[in-house]
Amino acid sequence: QTEPVQCFKLVAIDTEGRYVSIYDGTTEYKIGETITREVRAGHKGGLYVCESILDLLKLGPLPSRSALMAAPWAVVEMVGWGPTIKYNELAGGSKV
């Protein structure tokens with residue numbers, strides 16, 4: 001994917017008001033900043049995103065071992081580019 005695409009990510013709001021990964025509880029998503037992660041097969045690397053807010057609602061349950069399951073959640077709109085791996089065609093889930 002060389003052209004930028006709009007995508008959406010479900011994140012937690014930690015006790016300091018930061019947008020962070022629900023899964024690891026530490027990866028921070030700062031508004032206006034660029035995050036780079038190499039995408040690799042097998043759920044390694046990259047950022048899990050969805051193509052639309054509706055696709056977020058279609059996702060199955062998050063892993064039970066997620067660090068911030070009980071925290072408040074928010075939807076972050078992002079711009080992604082580069083290689084993409086689709087993991088759930090029905091729900092629109094991808095890694096960019």
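**Entry 1: Met69**

I started with Met69, which is found in the loop between α1 (53-58) and β6. Helices (H or I, at least four residues) and strands (E, at least two) are DSSP runs, numbered from the N terminus. This is a predicted model, so I note the ground rules: local features need pLDDT of at least 70, side-chain atom pairs count only at pLDDT 80 or more, and totals for chains, interfaces and linings use all residues. Residues are numbered from 1 along each chain as its sequence is written, and side-chain values use heavy atoms, with hydrogens and water left out.

The scale I use calls a residue buried under 20% relative accessible area, exposed over 50%, and partly exposed in between (1.4 Å probe, protein chains only).

I listed what Met69 touches, leaving out residues up to four places away in sequence, and got Ile22, Leu62 and Pro63. Contact here means heavy atoms within 4.5 Å. I also took a C-alpha distance: Met69 and Ala12 are 57 residues apart along the chain, and 7.9 Å separates them.

**Entry 2: Ser66, in that loop too**

Ser66 also sits in the loop between α1 and β6. Ser66 counts as buried, because its relative accessibility is 9%. With residues up to four places away in sequence not counted, Ser66 touches Ile22 and Tyr23.

**Entry 3: the whole chain**

I stepped back for an overview. The secondary structure comes to one helix and eight strands, and from the N terminus on I read the order as β-β-β-β-β-α-β-β-β. Buried residues make up 33% of the 96 residues. Of the contacts with a separation of 6 or more, 67% are between residues 24 or more positions apart.

Then confidence: pLDDT is the predictor's confidence in each residue, from 0 to 100. The mean for the protein is 87, and 90% of its residues reach 70 or more.

I checked strand β6 (residues 73-80): its covered face holds Ala74, Val76, Met78 and Gly80, while Trp73, Val75, Glu77 and Val79 are on the uncovered one.

How many bridges join strand β1 (residues 5-13) to β6? I count eight, and the two strands run antiparallel. Two strands pair if DSSP finds at least two bridges between them. I noted the partner of Gln6 in β6, which is Val79.

Next I looked at Glu77, in strand β6. Glu77 is exposed, because its relative accessible area is 54%. Phe8 stands opposite Glu77, and their C-alpha atoms are separated by 4.6 Å although the two are 69 residues apart along the chain. Not counting residues up to four places away in sequence, Glu77 touches Gln6, Cys7 and Phe8.

**Entry 4: the β1-β2 hairpin**

β1 also pairs with β2, in the antiparallel sense and over two bridges. I found Tyr19 as the bridge partner of Ile13 in β2. Five residues lie between the strands of this hairpin, and Gly17 takes a positive phi near 80 degrees.

Last, I looked up the second largest pocket, with a volume of about 480 Å³. Of the 22 residues that line the second largest pocket, Ile35, Leu47, Met78, Val79 and Trp81 are the closest to its centre. A pocket, on a 1 Å grid over the protein atoms alone, is an open set of points where a 1.4 Å probe fits, with protein on both sides within 12 Å along at least five of seven lines; lining residues have an atom within 4 Å of a point. Grid points are joined across faces, edges and corners, and the volume is the space filled by probe spheres set on the points.

Which strand gives the largest share of the lining? I find β6, with five residues. By class, I get 13 nonpolar, five polar and four charged residues in the lining. For those classes, Ala, Val, Leu, Ile, Met, Phe, Trp, Tyr, Cys and Pro count as nonpolar, Asp, Glu, Lys and Arg as charged, and the others, Gly among them, as polar.
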